[in-house]
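Got your viewer open and ready? Here's a short tour, one selection at a time.

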Amino acid sequence: MALSITSTRGASPNARRRRPTEHPWTRFLIRRGGGVLLSFGLLIVITFFIVPLLPGDPAVVAAGEGATAEQIEATRAALGLEAPLGVQFVHYVGGIFTGDMGASFATGLPVWSVVLARLPFTAEIALMAIVLTLMLGVPTGTAAALLTRGGRRPGLDHAFNAATSFVFAVPNYVLATLIVYIFAVLLGWFPASGAATLSSLVLPTAAIMIGPACALARIVRREAATILEQDYVRTARGWRLSTWKITTRYVLPNLLTTTLTLSGLILAGMLGGAVVIETVFGWPGLGTGIVTAITERDYPVIRGTILLLGIIATLLILVVDIVLALVDPRTLEAGE
Amino acid sequence: MSVTVKDEARPVPAEDDAIVRARELNLSFGYHHVLKDIDLDIPRGRVVGLVGESGSGKSTLAKAIVGINRISSGSLTVAGAELARAKRRARHALYRRIQYIPQDPYSSLDPRRTIAQTLAEAFDPKSANPRSHAEEIAAVLESVQLPASVAERYPHEFSGGQRQRIAIARALAVGAELFVADEITSALDVSVQAEIIRLLARLREGDAEHSMIFITHNLAVAQAVCDDIVVMRAGRIVEVGELDRVFAAPQADYTRTLLDSVPGGKGFKLS
Amino acid sequence: MSTASRPTVWRPAFTLGVVLMVALVLIAVVAPIFVTGSATAITDDTALPPGRGHPLGTNDFGQDNLARVLVATRLTLIMTVCAAAISVFGGLVVGVAIWLAPRVVREWCLRLLETAVAYPTLITALIIAAILLPGATTAVLALGIAGIPGFARVTANLAGRTARSEYFLTSRFLGVGSYQLAVRHMIPAMAEPLLVLATTIFSATLVEISALSFVGLGVQQPEYDLGSLLNDSLESLYTQPIEALGPAVMIVLASVAAMLIGDGLAAHADPRTARTWSPRTPEANATASPAADDEALVRVCKLAIRGGQQRRALVKGIDLHVAPGEIVGLVGESGSGKSLTAMSVAGLLADDLDLEAEELRVGDMNMKGTPTAAQLAQEIALIYQDPGTTFNPSRTMGPQLTEVLRTHSGYSRKEAQQAIIEALATVGIDQPELRMKQYPHQLSGGMRQRAMIAAAVVNRPQLLIADEPTTALDVTVQVEVLRIFHQLRRRLGTAVLFISHDLGVVGELCDRVVVMRDGAVVEELTAAQLAAGEVSDPYTAALLDAVPQIDTSRGLPEGSRP
């Protein structure tokens, strides 16, 4: 007998039951929360290992060149290097949670207070810079996309590309040197260094934001050009809406996701930029803090600063993700 | 032949009779339960249409049969072996007995390799040397009505229909027993679609050894190509049987609705 | 790889980048041989201004600034190349390893990389610089390692994308082994984007390695690179600003060169960048004066459309008319010009295409000119294919559906909402109030398409242009949407220009069918002629023949067949 195509119908009794779907936000928070905890754990492990990984005897290295035997022993005691690695680690983790990360070698002050005293200065320029970056980058990029009609006007397109990529290619410290020379040395409009007055905020902020603003403008332009080719923009054109309406209601809202994701990354990147820029301007933030600490081999402060910067970067990414999920419900569902 | 519903008293046919056998097959992607309790026997030597609308799970089932999708529970036997339980080597041997032809002719060929290189890989996956298989390549191209001279060209030089012929040639080159064609005419213009349908009919002439599972959303195309039909809806099988019989006297209401929705069909009414 | 069809990579910007880079490399090779003496010898000519023998002056130790900059270029380039090589090689190894790892490991690693990438490279580099003693080797290691996550993530993503591609999948199911898969398909697919990324990494590393030296944690005295030179110059910025010029210009040149090369390669990989724009000038007169005996609503005479760089003829002088209340089907395969024709009638043809016509009017609107937006919006409504992207995904349905009423018909928000809710109900959408508050992705394709139709006809337009409105829909949904069209015409008497590739659909719905091929009209048929198969043009006949017909009588017993 030839076999014919067959099928049995109906549910079998042992069909697998799926557990009811959890609320998307619960799933989202569990997933992201897990990621954040993992990042924190890694940060703690990495910062801990900075000292044991020092080549040779950590105490000798940490005490620095030309240290006396007593100084070396003092360093060994200060860093708790006599204990086995496991005990040191437990002690270190315990210290983080009780707020006792040891004292700065250089000043003898508690690490947390040293680090937290510097945080507001860095936060100040970073936040100023990100706001200005967004205010400059998004409109410029959108305007460029509209004016070039998604790359259909090669002349304008090339000019925009050349200008933004040239400025972006100038490193922020070169730019900083240039603007210090122009605005502080030649014109004397703003102070060249220090954080004494409000006007001393201007130059560091400018130096740190111009590069990212160009990068953002370029990406916004490309993204906006893609959106302008989307079906829903064609629909809006079919409804004969004005360019202004199409831009504000159909292009900009859909740029939000990209812009937010990027601004999180840019803001995190500004922490790196701050290290260099603060040195140029003698700005008393975390950047100069860590550079001084490394030069002085102030290991407790190095650990504290890196931990704090890491925590801030991780939280920034988390905040951006949460904001993204709030403004665009599809991100929540597409998270798998 | 008739539509048969599995009944306990009937003796289970020998494994060899069916090229594909699914028992209580379930498949989930994360929280989405896509295939639900699929029981299906596909006999050898037939062209079986898998039809349904979007979300019916027809493509998912096809991909499970070729081993792209992993099933969540139940069993799935293809060409006498259970893919999920087969060891690595056995699984690779089995892969060559089943060939999958994807829907999009623009992404199914490596843009950086010539047609000869692509086909040589099908003949000999290890060396993939086009020169040592030149004659076979010319022969297989001829069987899909393409001149041997196309072998040295790159995929972007061909139209969608030509690419789909090349994809079919590649499947033929492997010498598989079972072909799984996933919406292979859907991205094509009707006149090109008609050519592919004619090609499939020509290839099938006098061939009782090869089996084919033909996934489509277009019932008329299914009728032009297939012997049997499996109608799916929302992850379940609604109706199976010989195609002409199902179309003439559908048992399930859903099959009737589908048939009546085909423009130009007898049951189609606008008011 | 065939390069014949691709534009050359040697565009001016790319060439400039390569020339700059070659010049820098030459400086790095040659300069130390000739000018090391004047760069390092301490003389009494301290802090000289620019002048003869010292184009950029001298520093506080009497060393020639220009010589120092030229010599420093070598160390900067060597360090950059080494660090970039570490990043690229390490990134490749990690990226490929992640792709080869089991799924769970892969997902965790990718998430980890995601976090690592968001973490500023310079700070990662500082961690390493803190462990090792500051110096050139430390700087190379620090930035080399810090760059690994970024490169690894892109490698893993590219590998993942290739691994999911259909050709890769098919090859795997031909029984091709992992090694051959990688060599034949994976690496060629990744080579180009990774090369582009490598130049980006090079330029970023150059900037950051100099940054590390600039803050005093990189190259240490007595060695010097561009970064440390720039730092030295900071102290004398008030007294000897020219000292900063050399290192600043050199760093910028190197960075720009790497960037130009990277952009050139990227542009070469993405052929989309070459486009032209030559906008049409619309006619001044926006009002058409139809002939007295012309009762047609739409009149198209000798419409020709050209486009592309060769200004190829896309539509070749066609005639078309639609009477008031008539449903006209425009049928053809891809490339037949049916959509271009419809968009010309709608006045929405892309403005880089040339349009010529003896007459192109809808009602009394001259579509070669620019009638007012309000008039266009009220008299012509459009419906497109629904692949799920015809509505703005970040706004709810309500504001979008009411857009025309509010913008062009002077309705208040409330009135417009009320009107749309009623219209939604008439096309059979349940809970219309709820739908107005939902996002497009929360509605099914059929529902979105009905909503689109409802919004299109609420204004009682004279003409409805529907471009493949049922193509993306399932057959059972297609019937329902076609029924809505049918009812609309009976209820409102709206004329419809219905574009489709499906003769079956067109035959069911339309009064008259216009068949197009390669930009020309080959035949016009009435619905009755089409149904009876009374066609005269061979192409139409072939097209009709190509459409598979469903036959539900084949399975019946011999005797009972009709």
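We'll start with an interface and then move on to a sheet.

This is a predicted model, where local features need pLDDT of at least 70, side-chain atom pairs count only at pLDDT 80 or more, and totals for chains, interfaces and linings use all residues. Residues are numbered from 1 along each chain as its sequence is written, chains are lettered from A and ligands numbered from 1 in the order written, and side-chain values use heavy atoms, with hydrogens and water left out.

**Stop 1: chains C and A.** Select 68 residues from chain C and 69 residues from chain A to see the contact (heavy atoms within 4.5 Å). Together the chains bury about 6100 Å², 69% of it on carbon and sulfur atoms; that's accessible area (1.4 Å probe) lost on putting the two parts together, summed over both.

Next, pick A:Arg218 and C:Asp263: they form a salt bridge, with the closest N and O atoms 3.7 Å apart. The chain pair has 2 salt bridges (a Lys or Arg side-chain nitrogen within 4 Å of an Asp or Glu carboxyl oxygen).

**Stop 2: the sheet in chain C.** Color S7-S8-S9-S3-S10-S11 in that order: these 6 strands make an open sheet with mixed pairing. Strands are DSSP runs of E, at least two residues, and helices are runs of H or I, at least four, numbered from the N terminus; two strands pair if DSSP finds at least two bridges between them.

Zoom in on S10 (512-517) and S11 of chain C, which run antiparallel over 6 bridges. Here C:Val514 has C:Glu524 as its bridge partner in S11(C).
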